[in-house]
Structure formats: C-alpha cells, structure tokens
Amino acid sequence: MKALTIKNIAQALSFMTIAIFATLISNPVYAQSQNVATAINADQQLTVKGKVSDDKGPLLGVNIVLKGSKIGIITDKNGEFTFPESLSSGDILVFSYLGFEKQNITIDAKTTYINLLMSSDLVEMMGAPNASKPYKSKRSN
C-alpha cells in the first residue's frame with residue numbers, strides 16, 4: 001500500500017479540478033430567451049384605451065391611475081386616453097376628477113376599450129367665510 005504524500009494529494013486535486021472544469025465547460029446551458037418570455041406574456045397583457053365624459057360631453061384632465069402604483073395618465077381635450085402600460089386581467093384603474101365621483105374599473109381578459117360616463121358629486125367647502133370683520137392687512141405702512 002502506498003503512503004499518501006503531499007505530491008500525490010496535489011496530483012489528485014489537480015486532476016479533479018481539471019475534470020470539474022471540463023464538465024462545466026462541456027455542459028450546455030439552457031436559458032429562457034427574452035422572446036419566449038414576451039410571447040408568453042403577450043397573451044396576458046392588454047393595451048387599454050377609452051373615453052371619459054359626463055352628461056355634457058368629454059372631460060379634459062380626468063386622472064386615471066393603476067391602483068397600488070404611481071402609473072397613470074390624464075384624458076386629452078376629447079376625453080380620450082391610452083394607458084401607458086400594458087395591463088393584466090384583474091388590474092384596477094381608478095378614475096378621479098374634481099366634482100365627480102371616483103370610479104374603479106376592473107380590467108378583465110376582454111377589456112380593450114373603456115367608455116366611462118362620470119357622475120357628478122357634491123363638493124363641500126370646509127368652514128364658512130367670516131364676513132363680520134373687515135379685512136385688515138398685517139403690513140405696516
């Protein structure tokens with residue numbers, strides 16, 4: 001029986017290192033390509049367009065935000081919009097405009113166009129003006 005020497009151990013380690021390195025190099029690496037991921041998600045992603053109006057006509061400047069995010073857009077002078085991000089089924093768009101009720105629209109697999117009629121809401125001012133005292137400037141002359 002041969003005694004293990006440092007020289008024999010070093011030769012064995014170098015042989016194992018070369019074997020492991022050769023195995024890693026010759027082993028093919030399979031990765032998912034970007035095109036495949038896009039093709040899979042293309043069926044689930046929706047581009048949503050629409051028009052927002054009230055009983056008098058289209059509304060300019062209605063805020064449309066994806067619930068739970070900061071992604072949003074406002075309507076143009078014709079009340080039309082195209083949401084800047086692709087949406088998935090189950091996403092919720094929040095429509096808000098001063099003087100109108102906030103409305104949530106849930107996106108489903110068939111939603112590509114939203115035609116929304118906003119209903120007016122009562123806006124209350126907090127407090128009342130005090131007209132019993134004349135206005136006096138705090139500046140000195």
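A nonpolar core is a set of buried Ala, Val, Leu, Ile, Met, Phe, Trp, Tyr and Cys residues joined through side-chain atoms within 4.5 Å. Here is a short tour of this predicted model, starting with its largest nonpolar core, which has 17 residues. From there we move on to a loop threonine and a surface patch.

**The core**
- Val52, Leu93, Phe95, Ile114 and Met118 are the residues with the most contacts inside the largest nonpolar core.
- Three strands, β3 (63-66), β6 (92-96) and β8, each supply at least two residues of this core.

**Thr111 in its loop**
- You will find Thr111 in the loop between β7 (103-106) and β8 (113-117).
- Thr111 has a relative accessible area of 12%, so this residue counts as buried, the cut-off being under 20%.
- Its side chain makes a polar contact with the side chain of Asp108, at 2.5 Å.
- Setting aside residues up to four places away in sequence, Thr111 touches Leu46, Val48 and Thr106.

**A nonpolar patch on the surface**
- Ile9, Leu13, Phe15 and Met16 form a nonpolar surface patch, and together they have about 430 Å² of accessible area.
- One of these patch residues, Leu13, sits in helix α1 (residues 6-26).
- Leu13 counts as partly exposed because its relative accessibility is 48%.

Conventions: Residues are numbered from 1 along each chain as its sequence is written. This is a predicted model: local features need pLDDT of at least 70, side-chain atom pairs count only at pLDDT 80 or more; totals for chains, interfaces and linings use all residues. Side-chain values use heavy atoms; hydrogens and water are left out. Helices (H or I, at least four residues) and strands (E, at least two) are DSSP runs, numbered from the N terminus. Buried means under 20% relative accessible area, exposed over 50%, partly exposed in between (1.4 Å probe, protein chains only). A polar contact is a pair of N or O atoms within 3.5 Å; within protein, one must be able to donate a hydrogen and the other to accept it, and residues adjacent in sequence count only if both atoms are side-chain atoms. Contact means heavy atoms within 4.5 Å. Patches are made of residues with over 30% relative accessible area and no salt bridge: like charges are joined within 9 Å, nonpolar side chains (Val, Leu, Ile, Met, Phe, Trp, Tyr) within 5 Å. Accessible areas come from the Shrake-Rupley method with a 1.4 Å probe; for residues, only the protein chains shown count as cover. A salt bridge is a side-chain nitrogen of Lys or Arg within 4 Å of a carboxyl oxygen of Asp or Glu.
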